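Me: I'm new to this one. Can you walk me through it?
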Amino acid sequence: MTRRRKREWFDDDAFWRDLYPLMFPEKRFADTPEEVEKVLAMAKPRGKAALDLCCGPGRCSIALAKKGFTVTGVDKTGFLLNKARAKARTAKVRIEWVQMDMRDFVRPNSFDLALSMFTSFGYFDDKTQDTAVLRNIFASLRAAGVFLIEVAGKECLAKIFQPVTSDVFPDGTILVQRHEIFDDWTRIRNEWILLRKGRAKSFKFHHTVYSGQEMRDKLEAVGFVDVRLYGNLGGDEYGPDAQRLIAVARKHGDPSL
Ligand SMILES: C[S@@+](CC[C@H](N)C(=O)[O-])C[C@H]1O[C@@H](n2cnc3c(N)ncnc32)[C@H](O)[C@@H]1O
């Protein structure tokens, strides 16, 4: 069931369309098969049914499908799902694409592996909705299924935090990023200003940033067990040198049931 809700920043297709070249350069796609190898080495799923939640342009979905997984990619942005469909056609893989809000997608006892990659979590003003998403994921996993989530961890962010940064891209586009921490160090407000061909365009978005402990607590609160944290996809500890927050969490149960 899809509910009517107030519009938020992530509901705007133009946001994803305009930022697509910066978020999803070819290198990100080229690096994905290796990333997915690492994901599988960490998660060790016991079967081949995978959910790629907030799949975007399908980079992980396609890499999983190429490895023989039956993949369902869920995302609410039509523009990105169209990219995903086109890329899957080129890659000659079949994937089920579902256009739905992550708060609404639940398919009980259906997946051995669920992924949430590249900071696709924490978007809602009401933090209990993040919990609702985790509850859906938990329900959608089969017994002994595994969930891997990869986000910008609060500890990583605190270490590198700068209120303003700027980058120049190969096509000459300049990206100025402004960041502000609010809500007692639970959330970050971002403004990305794109300077392209003498024109400036601003994009504002905000999301919750979870610490390792907060992520673990949230996962355990919905029933996950054996929650392990890592600081990169290579499986290094979530310690002082962590670049990302990765949590791997299991659903209890006997997979043969
Ligand atoms: C940073 S992108 C990551 C995409 C993909 N996971 C990857 O690793 O390439 C975040 C994705 O979340 C999707 N998204 C944002 N809000 C959503 C929501 N409420 N429900 C479903 N998808 C959402 C966006 O459309 C976008 O594809």
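Me: What follows helix 2, and what is its phi near?
Reply: Lys44 follows helix 2, and its phi is positive, near 45°. Keep in mind that this is a predicted model.

Me: Where is Lys197, and is it buried or exposed?
Reply: Lys197 sits in the loop between strand 8 (187-196) and strand 9 (199-208). Its relative accessibility is 85%. The cut-off for exposed is over 50%, so Lys197 counts as exposed.

Me: And Ala144, where is that, and is it buried or exposed?
Reply: Ala144 belongs to strand 5, residues 141-151. Its relative accessible area is 6%. Buried means under 20%, so Ala144 is buried.

Me: Back to helix 2. Which residues does it cover, and what span should it have?
Reply: Helix 2 runs over residues 26-43, which is 18 residues. At 1.5 Å a residue, it should span 26 Å. Its end C-alpha atoms are 26 Å apart, so the two values agree.

Me: Where does helix 2 bend?
Reply: The bend is at Thr32, by about 40°. A proline, Pro33, follows within four residues.

Me: Which residues in helix 2 are buried?
Reply: Thr32 is one of them. Phe29, Glu35, Val36 and Val39 are buried too.

Me: New topic, the ligand. How many residues are around it, and which come nearest?
Reply: There are 19 residues around the ligand. Cys54, Arg59, Asp75, Thr77 and Met102 come nearest.

Me: What classes are in that shell?
Reply: The shell has 12 nonpolar, 3 polar and 4 charged residues.

Me: Which atoms pair up with the ligand?
Reply: A polar side-chain atom of Arg59 lies 2.6 Å from a ligand oxygen atom. For Lys76, a backbone N or O atom is 3.4 Å from a nitrogen atom of the ligand. Ser120 has a polar side-chain atom 3.4 Å from a nitrogen atom of the ligand.

Me: How much of the ligand does the protein bury?
Reply: The protein buries 98% of the 590 Å² that the ligand exposes when taken alone.

Me: Tell me about Arg59. Where is it, and is it buried or exposed?
Reply: Arg59 is in helix 3. Its relative accessible area is 7%. With buried set at under 20%, Arg59 is buried.

Me: How far is Arg59 from Ala132?
Reply: Their C-alpha atoms are separated by 25 Å. Along the chain, Arg59 and Ala132 are 73 residues apart.

Me: What about Cys55? Where does it sit?
Reply: Cys55 is in the loop between strand 1 (49-53) and helix 3 (59-66). Cys55 counts as buried, at 5% relative accessibility.

Me: Is Arg94 buried or exposed, and where does it lie?
Reply: Arg94 is exposed, with a relative accessible area of 80%. It lies in the loop between helix 4 (78-91) and strand 3 (96-99). Arg94 and Lys66 are 9.3 Å apart, C-alpha to C-alpha, and 28 residues apart in sequence.

Me: Last one, Thr165. Which strand is it in, and what is its relative accessible area?
Reply: Thr165 is in strand 6, residues 164-168. Its relative accessible area is 24%, so Thr165 is partly exposed. Thr165 and Ala143 are 22 residues apart along the chain, and their C-alpha atoms are separated by 44 Å.

Key: Residues are numbered from 1 along each chain as its sequence is written. This is a predicted model: local features need pLDDT of at least 70, side-chain atom pairs count only at pLDDT 80 or more; totals for chains, interfaces and linings use all residues. Side-chain values use heavy atoms; hydrogens and water are left out. A residue is near a molecule or strand if one of its heavy atoms lies within 4 Å of it. A polar contact is a pair of N or O atoms within 3.5 Å; within protein, one must be able to donate a hydrogen and the other to accept it, and residues adjacent in sequence count only if both atoms are side-chain atoms. Accessible areas come from the Shrake-Rupley method with a 1.4 Å probe; for residues, only the protein chains shown count as cover. Ala, Val, Leu, Ile, Met, Phe, Trp, Tyr, Cys and Pro count as nonpolar, Asp, Glu, Lys and Arg as charged, and the others, Gly among them, as polar. Helices (H or I, at least four residues) and strands (E, at least two) are DSSP runs, numbered from the N terminus. The expected span of a helix is 1.5 Å times one less than its number of residues. The bend at a residue is the angle between axes fitted to the seven residues ending there and the seven starting there. Buried means under 20% relative accessible area, exposed over 50%, partly exposed in between (1.4 Å probe, protein chains only).
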